[in-house]
Amino acid sequence: MGRVYDLINKIKVGEIKNIIVLAGAGLSTASGIPDFRSPGGLYDTLPVDALTASEVQKKRLRVEPTLVVDIELFSKNQFPYLEVRRPFILGTKEKRWKMTIGHIFLELLHKHDVLKRLYIQNIDGIEHHSLIDPVKIINVHGTLNKVSCEHCGTEHDADEFCSLVETNIKNIYGDLGIPGPTSSTNILCKKCRKPAVKPKTVLFGRNLPSEYFNAIQEDFTDSNDCDLIIAIGTSLSVFPAANICQMGRKDVPRLVINSQVVGAELGLDFEQQDAIFTGLCDEVCLEIIKKLNWQDELRARSSAMCASSQKMVEMM
Ligand code: OAD
């Protein structure tokens, strides 16, 4: 833990001034959103039999669950994606997902003027409830808050789309899901009439948004002054996002905050240059906030957090 505390101390004394963060699903699990690759995560619990899909498609989904968020399947059959994403889409409409201590930690980095950029793979948009300047947030895989046609790009009203998801797309999660119809019917694009309307998120096989490439260009030029990269709540297994860990100058340390060790295959060396703080994001971030003496600022933001995070702050 020595290296972790060294890095935190450098933030405290102003030696580290420009932090680039790469965040993933583990940042939001405390809010009630499952991640992708953990046991109990989206891929592990995919109810393949309940999906509106051909037997051939189901057979592939059983061995390759990421297909459910892949353009290859979506271009042929939109229902598996919409059925799997239905609870998430409806929960976002109801503003059910709230910030965690992890989100507030990132907000405090911004408040203390040491956050250079937040690259976030999550599509829940929770980070936009924070006070982080939106120009510093890059939604690497898009967000659920915008809706467009995957075929022709026409934008659709997000509230109208959510209502259609509620009425047209079946609930595949039984009692755990939000009640809905027993079979799914298409949601058509108002312009091209194709059934390809979906949240404006990036499917596997599609390009990342141009904002991502512009920000990377800006943040990682030769003269870049990034002095710490933090990877939080991500398995670092999806590219190109995971490459961010390798984009700093050669001597820039990487701090990983995650419930398990990740990043070794990207060359992160936790014995030398880099550091890892294993544990739940909320617990680890709380610990770091205490070391930075930012507890009062955390307490002041308690009402904006999800119930489990609030409880931890109360017990602090
Ligand atoms: P993953 O599910 O791949 O990884 C989440 C990581 O966070 C895992 O290593 C977990 O062990 C860890 N984790 C989970 N809950 C945690 C918690 N409360 N505290 C600390 N760590 C926790 O999610 P991502 O890395 O975000 O892309 O996935 C990257 C991309 O893969 C997603 O954006 C999505 C997915 O397929 C697309 O759909 C295009």
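Which strands does helix α7 (residues 210-219) lie across? I began my notes with this, keeping in mind that the model is predicted. I found that α7 lies across β1, β2 and β3, and that it runs at about 150° to β2.

**The sheet.** I next looked up how the strands are arranged, and I noted an open sheet of 6 strands in the order β3-β2-β1-β7-β8-β9, with parallel pairing. At the edges I found β3 (137-139) and β9 (275-278), each of which has a single partner strand, so one side of each is left without a neighbour in the sheet. From one strand to the next I recorded a twist that averages 15°.

**The β2 and β3 pair.** I then followed strand β2 (residues 115-120), which pairs with β3 in the parallel sense over 3 bridges; for Leu 118 I found that the bridge partner in β3 is Ile 137.

**Another helix on the sheet.** I saw that helix α1 (residues 2-12) packs on the sheet, where it touches β1 (19-23), β7 (228-232), β8 (254-258) and β9, and that the direction of α1 makes about 100° with that of β9.

**A pair of helices.** Lastly I looked up helix α5 (residues 101-111) and helix α8 (residues 281-291), whose axes come within 8 Å and cross at roughly 35°, in a crossing that is left-handed. On the α5 side I listed Ile 101, Gly 102, Phe 105 and Leu 108 as making the contact, and on the α8 side Asp 282, Cys 285, Leu 286, Ile 288 and Ile 289. By class, I noted that the residues of this contact divide into 7 nonpolar, 1 polar and 1 charged.

Note on methods:
Residues numbered from 1 in each chain as written. Predicted model: local features only at pLDDT ≥ 70, side-chain atom pairs only at ≥ 80, totals over all residues. Heavy atoms only, no water. Axes fitted to C-alpha atoms, helices over the stretch in contact; angles between N-to-C directions. Helix = DSSP H or I, 4+ residues; strand = E, 2+ residues; numbered from the N terminus. Left-handed = near helix turned anticlockwise from the far one by under 90°. Contact = heavy atoms within 4.5 Å. Nonpolar A, V, L, I, M, F, W, Y, C, P; charged D, E, K, R; others polar. Pairing = 2+ DSSP bridges.
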